[in-house]
Amino acid sequence: MFEGLFGWLSSDIGIDLGTANTLVYVKDQGIVLREPSVVAVQAGTNKVLAVGDEAKRMLGRTPANIVAVRPLKDGVIADFEVTEAMLRHFITKVHGRRMRARPRVVIAVPSGITEVEKRAVRESATHAGAREEPMAAAIGVGLPVQDPAGNMIIDIGGGTTEVALISLSGIVFSRSVRVAGDELDEAIVQYMKRAYNLMVGERTAEEIKIKIGSAYPTDKETSVEVKGRDLVAGLPKTLQITSQEVREALLEPISTIVDSVRITLERCPPELSADLVDRGLVLAGGGALLRGFDKLLSEETGLPVHVAEDPLSAVAEGTGKCLNELKFLRQVASADRQWRQ
């Protein structure tokens, strides 16, 4: 009786707990929060000073007594206490100060994480105020995943890339590689060091990727002004970098992602392979926004590749579907357990 009352008083929420960004979906309201997975804490303590957008603005600009950290790395928790504080902040923010009960929470996490890593997410959410254990779900982006037909999702997030072949609400085969948006940024940082002896921060590298990054040659090559520190002179320096150079810098991590897709296709049963010829592949996650990624994958696989309508919100919308259809949630969770066994 009390459990039912708690459920009525609280709003169930779905969380896309990403390495780069966290999105929160509230049942019957849609996505209500989209903020960076960054927390600013006081040095030497776990006292939280800022979370989300405010904390991200502090990255690379903090004095010695403040540390801006990203508590998730490669899609899993790197700092348990800070992640718990971040989740508590987001759950309280979407509920407001009037939250009277512990909400039911569905959390999407990478399919390739271990049971220990999954338990860390579960405990963080529980300590942060969740009522039931969070569940990881491989959910399609508007695809008929309940049908007896093959659907392939390629979710390129901040810390991991998930490639999954789905049929009948279950995972036929999946591959998770810890190469994604963060590695693309790091590749740009290393290229600037190697080619120009210029040190740039991760935020600058991300801006370069967003402005002129591409995975496939574009009709018109562009350039952007980059500011950083000259490693030889030790002084601030400004230079121009072209989109062709950035594409060269991104070649290695992009090749790793393409190889993961190819391996998944090789493990695909013949009947589902036939489905993919017609249905194609679907790109989701922030990495799907990289220019030409769909063209590159189509060229490498010979299959049609579609970019999700809203790649950044795809996983959060998936958790929302589970919240709105609890029968579907149980079906997906059951299929996931059987696949892991």
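A: In helix α6 (residues 202–212), the buried residues are A205, I208, K209 and I212; buried means under 20% relative accessible area, exposed over 50%, and partly exposed in between, with a 1.4 Å probe and protein chains only. Seen down the axis of α6, these buried residues fall within an arc of 110°, so they line one face of the helix. The arc is taken from the directions from the helix axis to the C-beta atoms. An α-helix has 3.6 residues a turn, so residues three or four places apart point the same way. On the other side of α6, I210 and K211 are exposed.

This is a predicted model, in which local features need pLDDT of at least 70 and side-chain atom pairs count only at pLDDT 80 or more, while totals for chains, interfaces and linings use all residues. Residues are numbered from 1 along each chain as its sequence is written, and side-chain values use heavy atoms, with hydrogens and water left out.

The buried residues of α6 pack against α5 (181–196), β14 (223–230), β15 (236–242) and α7 (243–249), where contact means heavy atoms within 4.5 Å. Helices (H or I, at least four residues) and strands (E, at least two) are DSSP runs, numbered from the N terminus.

The buried residues of α8 (residues 251–266) include P253, I254, I257 and V258. Seen down the axis of α8, its buried residues fall within an arc of 150°, so they line one face of the helix. L251, E252 and E266 are exposed on the other side of α8.

Definitions and conventions: The expected span of a helix is 1.5 Å times one less than its number of residues.
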